[in-house]
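I am opening a notebook on a new structure. These entries keep what I looked up, in the order I looked.

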Amino acid sequence: MQGQKLELAIDSIRLRYGSQALTRAGELPPPQPWASGTPIDSLTGIGGLPRGRLTLFTGTGTCGKLTLALALLAKASQEFAHAIVIDGGGFDLSALLPFSCELGALTVVRAPAPEIAGEAAASLVRAGAGFLLLLRDLPEHWLGPLESGASRSGTVVVGVVEAPDRALAHASSFSLGFSRQGWVWERGQLVGLRVSARCVKNRVAPPLGWSELEIRYPLGTQTPADFATGITEVPLRFEEETLPRKSAAV
């Protein structure tokens with residue numbers, strides 16, 4: 001009965017506003033990608049992070065998600081006129097210095113309250129921000145305006161949270177789950193970590209599994225190109241030990 005009512009409503013809308021008024025999601029073209037220059041591009045299935053959609057990096061503890069997001073933010077500041085950070089507290093601007101960020105294109109919004117963060121994020125994507133980095137959850141009622149605004153402007157929206165709530169997880173189009181596999185030491189010095197990046201949700205292309213990334217901590221001022229080195233094969237250390245997997249330094 002509900003299915004018949006829904007089909008009747010769809011037919012009524014098409015009759016009144018034309019056959020193109022409604023389009024099934026499966027018929028929509030894939031979103032245009034923004035090539036980040038990191039191994040994450042190969043996991044999205046479209047060659048980059050989707051424009052006009054919400055991308056989530058999730059994972060607990062020291063798993064590399066924020067380091068990777070800062071590298072993306074630095075690259076975005078060089079390619080877009082406006083790169084925005086919505087900060088819930090604790091964001092340190094000096095953490096961007098090793099990534100050669102273009103500070104003139106960067107705006108940091110201090111949003112101690114979720115309502116402030118939601119209103120700021122929705123307004124900025126509607127205004128045409130090129131890249132938006134969310135460092136906190138947003139109230140559910142602001143996710144709709146955020147999605148619609150980003151879809152119209154083509155903003156690249158990346159959220160970094162440990163564990164998203166149900167509404168935020170549902171709103172995302174592409175989600176990566178990070179987990180630390182081990183530390184990287186050289187000459188007795190901690191220089192990075194090895195993490196597993198697993199695609200847990202993909203609405204822009206078929207899911208492409210997972211990859212192992214080697215994320216090097218930035219030591220001194222470097223160019224963004226220094227964080228996009230080649231991909232090498234390393235053996236699995238688990239039950240699938242006979243199969244190779246991809247590893248990359250970011």
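I start with a term: a residue is buried when its relative accessible area is under 20%. By that cut-off, 45% of the 250 residues of the protein chain count as buried. I note that this is a predicted model.

**Entry: the whole chain.** I looked up the secondary structure and found 6 helices and 12 strands. Next came the contacts with a separation of 6 or more in the protein chain; residues 24 or more positions apart account for 63% of them. I also looked up the accessible surface, which is about 12900 Å² for the protein chain. Carbon and sulfur atoms hold 55% of that surface.

**Entry: helix α4.** This helix covers residues 114-126 and has 13 residues. I checked its length. At 1.5 Å a residue it should span 18 Å, and its end C-alpha atoms are 18 Å apart, so the two agree. Which residues of α4 are buried? I list A117, G118, A120, A121, A122 and V125. I then asked what covers them. The cover includes β4, β5, β6 (131-134), α5 (140-153) and β7 (156-161). Just after α4, I noted G128, which takes a positive phi of about 100 degrees.

Entry: Where is L93 found? I place L93 in the loop between β4 (83-87) and β5 (106-110). Its relative accessible area is 37%, so I log L93 as partly exposed.

Definitions and conventions. Residues numbered from 1 in each chain as written. Predicted model: local features only at pLDDT ≥ 70, side-chain atom pairs only at ≥ 80, totals over all residues. Heavy atoms only, no water. Helix = DSSP H or I, 4+ residues; strand = E, 2+ residues; numbered from the N terminus. Buried < 20%, exposed > 50% of the residue type's maximum accessible area, 1.4 Å probe, protein only. Expected span 1.5 Å × (residues − 1). Contact = heavy atoms within 4.5 Å. Areas by Shrake-Rupley, 256 points an atom, 1.4 Å probe, with all protein chains shown as cover.
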